[in-house]
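Have a look at the chain below before you read on.

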Amino acid sequence: MSSGFFDRLVARLDKLDPGSLQAQMVRLTQERGFLETIFQSIQEGVLVIDNEGLLLYANRAAEKLAGFAFARTKGRSILRVLREWDWEHLLDAPEVSDGGWSRMVTREIEVTYPEHRVISVYAVPLDEQGAVRKGVLVILRDVSSERRQEATALEEERSNAVKNLAAGVAHEIGNPLNALNIHLQLLTRELSALDDPAARQPLQELAEVARKEVERLDAIITQFLRAVRPSKPVLRPEAPADVLAETLKLLKTEFANRRIEASVDIPEAVPAVKLDRQQIKQVFFNLIKNALDAMPDGGSLKIAFGVGDAFVDISFMDTGCGIVAAEMGHVFDPYYTTKPDGTGLGLMIVRRIVEDHGGEIELATKPGQGTCFKIRLPRNERRVRMLEARRRE
């Protein structure tokens, strides 16, 4: 509704017959209702404050953002309605006493009531010529999610910078470790040529201890690099049961040494799954190693496959010590471990690989009875299951 129309209507009031005046008033009412609908529908909060700081109008969005009811606060001072907002500073109240709001203001404020939010405040003076009451129009917009996204992006940049630095340091440490390993092998070969067994054996034992420690450090660095510089999986149709068989073959000696019985339950028809063979083998290896470490005095490990409409499930159930409730929320955290020689990276890498394959990982445990890790890998071709039609009575 233009101000020109309203001015012309006022100028012609004494010339209009009752029928025409009624029609014009109906038109004004309809346009006012239309504008009210628009203001009540937008997500931005709208406040109108007069020259004395009294609240003249507020839409529903403003009520929600600021936490007040306009019906109870209309005509009251905005300084009292929203005390925590520091309106005197926000809208430069000293200028009000000089004869009106004189400039546009754009600021962001942080509020805690009714919710913790960051709100962008845009205020512009209402100084329309001929207006009975001058004041200010205030637009409120919730920018909390935008600020959170900015904070998350900044944190990711910092994290990536630290990861790149750490990966570079780890790579540089790996080079001298390789040199140490080579020279320890050469030293072992030279020691084997000594004629005196009494002198040769203790020296060989010392060299073997040093070699094992170098290998352990190299394994830690390798896991660390995989954690901070994950590689995308190269997906190909594979039989997950075959990958498991290869992994169990690598650990056959450990099962025998630890007196642990292993059983594998595989249905007749396990479909192929698109996976990265080496990465999934690493997942199986880490989960089985964790199960073995949880059973130092022997036990049993049951590995079971399950086939659903959307996923192929592989469960690893041990009879070990289980996981206490206080540790359940941290098992996938980086560098969190309960093992004396653990790195705390194994399960984090397992979860990342499974998620990169579009899968899921679940954990169930009972302290003193055992733990079950279940990984779910999406099927190559998902079946659509038809539901039985309901009979109509």
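Here is a short briefing, topic by topic.

This is a predicted model, in which local features need pLDDT of at least 70, side-chain atom pairs count only at pLDDT 80 or more, and totals for chains, interfaces and linings use all residues. Residues are numbered from 1 along each chain as its sequence is written, and side-chain values use heavy atoms, with hydrogens and water left out.

**The whole chain**

- The protein chain has 13 helices and twelve strands; these are DSSP runs (helices: H or I, at least four residues; strands: E, at least two), numbered from the N terminus.
- Of its 393 residues, 34% count as buried. Buried means under 20% relative accessible area, exposed means over 50%, and partly exposed is in between, using a 1.4 Å probe and protein chains only.
- Take the contacts (heavy atoms within 4.5 Å) with a separation of 6 or more: 59% of them in the protein chain are between residues 24 or more positions apart.

**Two helices that cross**

- Two packed helices are described by the angle between their axes and the distance between the axes.
- For helix α11 (residues 277-293) and helix α13 (residues 346-356), the axes come within 9 Å and cross at roughly 145°. The axes are lines fitted to C-alpha atoms, for helices over the stretch in contact, and angles run from 0 to 180 degrees between N-to-C directions.
- On the α11 side, the contact is made by Q279, I280, Q282, V283, N286, L287 and N290, and on the α13 side by G346, L347, I349, V350, I353 and V354.
- Sorted by type, the residues of this contact are eight nonpolar, five polar and no charged. Here Ala, Val, Leu, Ile, Met, Phe, Trp, Tyr, Cys and Pro count as nonpolar, Asp, Glu, Lys and Arg as charged, and the others, Gly among them, as polar.

**The cores**

- A nonpolar core is a set of buried Ala, Val, Leu, Ile, Met, Phe, Trp, Tyr and Cys residues joined through side-chain atoms within 4.5 Å.
- The largest one has 36 residues, and F284, I288, I314 and F316 have the most contacts inside it.
- Helix α11 gives the most to this core, with seven residues.
- What does I288 touch, leaving aside neighbours within four places in sequence? Its contacts are L244, T247, L248, L251, F255, L301, I303 and F316.

- In helix α9 (residues 240-250), the buried residues are P240, A241, V243, L244, T247 and L248.
- Seen down the axis of α9, these buried residues fall within an arc of 155°, so they line one face of the helix. The arc is that of the directions from the helix axis to the C-beta atoms.

- Q40 is found in helix α2 (residues 18-41) and is buried, with a relative accessible area of 16%. Not counting residues up to four places away in sequence, Q40 touches Y57, A58, N59 and R60.
- R259 sits in the loop between α10 (252-257) and β7 (260-265). R259 has a positive phi of about 55° although it is not a glycine, and it is exposed, with a relative accessible area of 57%.
- A262 is found in strand β7 and counts as partly exposed, at 45% relative accessibility. Leaving aside its neighbours within four places in sequence, A262 is in contact with F255 and L301.
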